[in-house]
Amino acid sequence: MADGFPPVGNDSGRSGSPAESTPDFRTRRTLRENGAGVAAGLSRRSMIVSGATAVAAAGGTGYLLMRGGGAESATTSLPGGSAASATTNQTAADALASATASSSSATSTSAAAKASTATKAATAAGTTTAAGTTTAAGTTTAAAKKVRADPDLLLGRASYGRTATSDRLIGKIGASAWLERQLRPAKIKDPGGLAVDAQFPDLKWSIAQARKGLKVGAWDLMQDTSAHHLGRALFSNRELYEVMVDFWSNHLNITCPGGDVWDTRHRYQRDVIRKHAMTSFEDLLLASAFHPSMLVFLNGAQSTGQAPNENYAREVLELHTVGVNGGYTEKDIQHSALLLTGWTFNEGKRAYDPSRHYTGGIKAFGFKSANSTGAGGPAAQRRYLRYLANHPKTARNIATKLATHFVSDSPPKSLITALAKVYTKNDTAIVPVLRALFTSPEFAASSGEKIRRPMEQVVASARAIGVKNGSSSKALMDMYYIVKDAGHGPLSWTMPNGYADTADSWQSPAGALQVFNSTTAMVHGWWPTRMSLPGPEKILAKKPTTRSAVITAVGKKVFGRAPTKRERAAAVNLLAGTKLPTALKANSWEQHETIALTTTLFLAAPAHLSV
C-alpha cells in the first residue's frame, strides 16, 4: 500500500452461512494505519464564520494521520499545534503536495508475509484452502474449503465501496452468501443499473444507426459510453460484475473517446466487455479480436497478406494473453500478423476478404497451421486465439493481473500459482477463478494492501455518503468530468495497455487535490448539482447534537465501524481549529458543518483511501 494520498496516474496531462451474521463476526476490523492519510476538512463557510481556516487544521490533521507505524497509542497529539490561521486555498495545495511527496512508493511485502502465515496456519489446522489441498493427514482433496470471508474486505475490493444497502445485506446474509450472489450477477435485481441504462438509450444503437444519427467523428456515443460506465459503477447492485467490467476494459483497452472508434466503441463495450465479463476469457478474447473497434484501434482492418500490420499481433501476445515476459519472439509476432489478416471495416461494415488473407504455413508461439486457403483463414485464426487463451503462460498472466487488482501490488506467488491452476482446470472460466481468489488465505490477509485510484475514490465516497442518480444523463456527465480532471476518466487511457493498477503509478499532488476538492464539494452539496446530493443535512439519518457523537456517527457511516483513537483525535483537532462548538443545536448550520467537515476528513483517511 502506498503511503500518502492515492494520487493521479501518469496520464493526467492528457485529454454465507447464518453463522457469519453473528455479532462477533460482524465486529468491524480496525484497518492498520501505516501513513496513508492526507490533509482534509476544507469549508468556505467555516473560514468566514470562525475567522480561522479549516485548511490549517487540515494540515495538522494530515500530519497526524500520516504518522503511521504499528498499533495506536493510548493518546495521540500533534506536535507544535495545528490551528494556525491561513488565508488562501494554496495552503491546502501545499499541505497535500507535502503529504504526497513525503511518501511516494507502494509497499506490499507485508501482504505476502501475512498470506504465508495464513496459509501455514490453515495447513496446520488441517484445513484446505483455495491455494492448496494439503490436509492434516498429508493427503490431497479435489474440493477446496473456503476461507472465512471478511465482509469489510469484500465490500472494499469486490465492489466500488460500501453503501447503506450493501452493508445491511452483507450483515444479513453473511459474506460468503454475498459473494456467491455477486458471482451470479444475472440473478440480482438491478433497478439502479437499469435506471442508468435508461438514461443512455443511444447505447443500444447499432453501428449503422450510429453512422446515420451522428456526424463522422462525433464523440457523443463515446462520451455516453464512459458516463454510463461510471454510472453503473456508482449505482448498480451487480457490484462485482461492474468491477470486472472495468478490469476487462483495461485489459483489452480501446481508448474511449478515440477518433477512429466514434461509431463502434459503444458496441464493443456492450457486445464484448459487458457480455463476457463473467463468462470465460476464451470467449472474451474471441469476441474482442475481430470486433470493428479492435480492428480499427489496432489496425487489423488495414492488415493484408501482402502488407501485414503487426499492431494487434503484438498486443494480443504482449498484453492480452501470455504477457510481456511470455517468451514470444519477433518471428512469433510476424507469423501471428500473417495469420490474422483478411478482415476489413469499411463504411460501417465489417467483412472478411479471403483474397486479403495470407496463405501458407504458420508457426507462432508453438501453434502450427497449414493455413492453406483464404477461405479457411477465420477458422485457423479462432484456433490460434483459443490456443493462446488456454496457454499456461496466459493462465499465469491473467492470474497475476487479477491478484494485483484484488489483493496486492506485489501478489504472493502462491496465490498466482493457485489461480492459474483454477483458470486452466475450468477452461478459462472467470467465475471459478474469482471464487478461488476471494476465498484464499492470501486475500484474507491483504487488508490495507490496495489503494483506490481516483475514479475508485470518487465513486466510493459518493456511495458512502448516499449520492443518488440525477434525472438525466447530464448529471453523470458532470461526475465523469470530475473523475477525468483527476486523471482517471473511465475508459480514457490512450495506450493499449490500460490504466496502471499499482500505487506507484498514481503519485501526483495535483490529482490528490482534485479528488479532495471534489469530495469536499460533494459532501457539502455544492457540486455536481445535477446529481442528487444529500448535503450535510441528510448524510446522517439521525443527526447528533454533540461533536463527539457526530464523530462516532460519521465514522460508522464511512468506515462501517466506530472511528479509531487516531481518527477521532484527528477529527477533534480539525473541528477545534474551526471554532465550531462542541454542543450543537439541532438542524443548525454549526451541526451541519460539523457533520460535513468530519465526513470530508474521514473520506480522506487511510481506512477509506486504502482497502
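Before the first selection, a word on "buried": a residue is buried under 20% relative accessible area, exposed over 50% and partly exposed in between, using a 1.4 Å probe and protein chains only. Helices (H or I, at least four residues) and strands (E, at least two) are DSSP runs, numbered from the N terminus.

This is a predicted model, where local features need pLDDT of at least 70 and side-chain atom pairs count only at pLDDT 80 or more, while totals for chains, interfaces and linings use all residues. Residues are numbered from 1 along each chain as its sequence is written, and side-chain values use heavy atoms, with hydrogens and water left out.

**Whole chain.** Colour by pLDDT, the predictor's confidence in each residue from 0 to 100. The protein averages 82, and 76% of the residues score at least 70. Now select residues 1–144, where pLDDT stays under 50. Where pLDDT is low, the predicted coordinates should not be read in detail. Switch to cartoon and you have 30 helices and four strands; of the 611 residues, 59% are buried.

**Helix 17.** Select residues 330–339. Seven of the 10 residues in this helix are buried, so helix 17 is largely enclosed by the rest of the structure.

**The largest core.** A nonpolar core here is a set of buried Ala, Val, Leu, Ile, Met, Phe, Trp, Tyr and Cys residues joined through side-chain atoms within 4.5 Å. The largest one has 138 residues, and L154, L240, M244, W248, F406, L434 and F438 have the most contacts inside it. Centre on M244: leaving aside neighbours within four places in sequence, M244 is in contact (heavy atoms within 4.5 Å) with A277, M278, L402, F406, I430 and L434. There is also a second, separate core of five residues, including I451, Y499, A503 and W506.

Then step back to T428, in the loop between helix 20 (413–425) and helix 21. T428 isn't a glycine, yet its phi is positive, about 70°. This residue is buried too, with a relative accessible area of 1%.

**Another positive phi.** Jump to N299, in the loop between helix 15 (292–297) and helix 16. Its phi is near 70°. Is N299 buried or partly exposed? At 22% relative accessibility, N299 counts as partly exposed.

**Helices 11 and 12.** Select residues 220–235 and 239–251. These two helices pack at an angle of about 145°, with their axes 9 Å apart; axes are lines fitted to C-alpha atoms over the stretch in contact, and angles run from 0 to 180 degrees between N-to-C directions. H229, R232 and A233 of helix 11 meet E242, V245, D246 and S249 of helix 12.

**Two cis bonds.** Follow the chain to the loop between helix 12 and helix 13 (265–276), where P257 sits. The peptide bond from C256 to P257 is cis, with omega near 5°. Then find P528, in the loop between helix 25 and helix 26 (535–538): the bond from W527 to P528 is cis, with omega near 0°.

**Last stop, A512.** Look in helix 25 (residues 509–524) for A512, which counts as buried at 0% relative accessibility.
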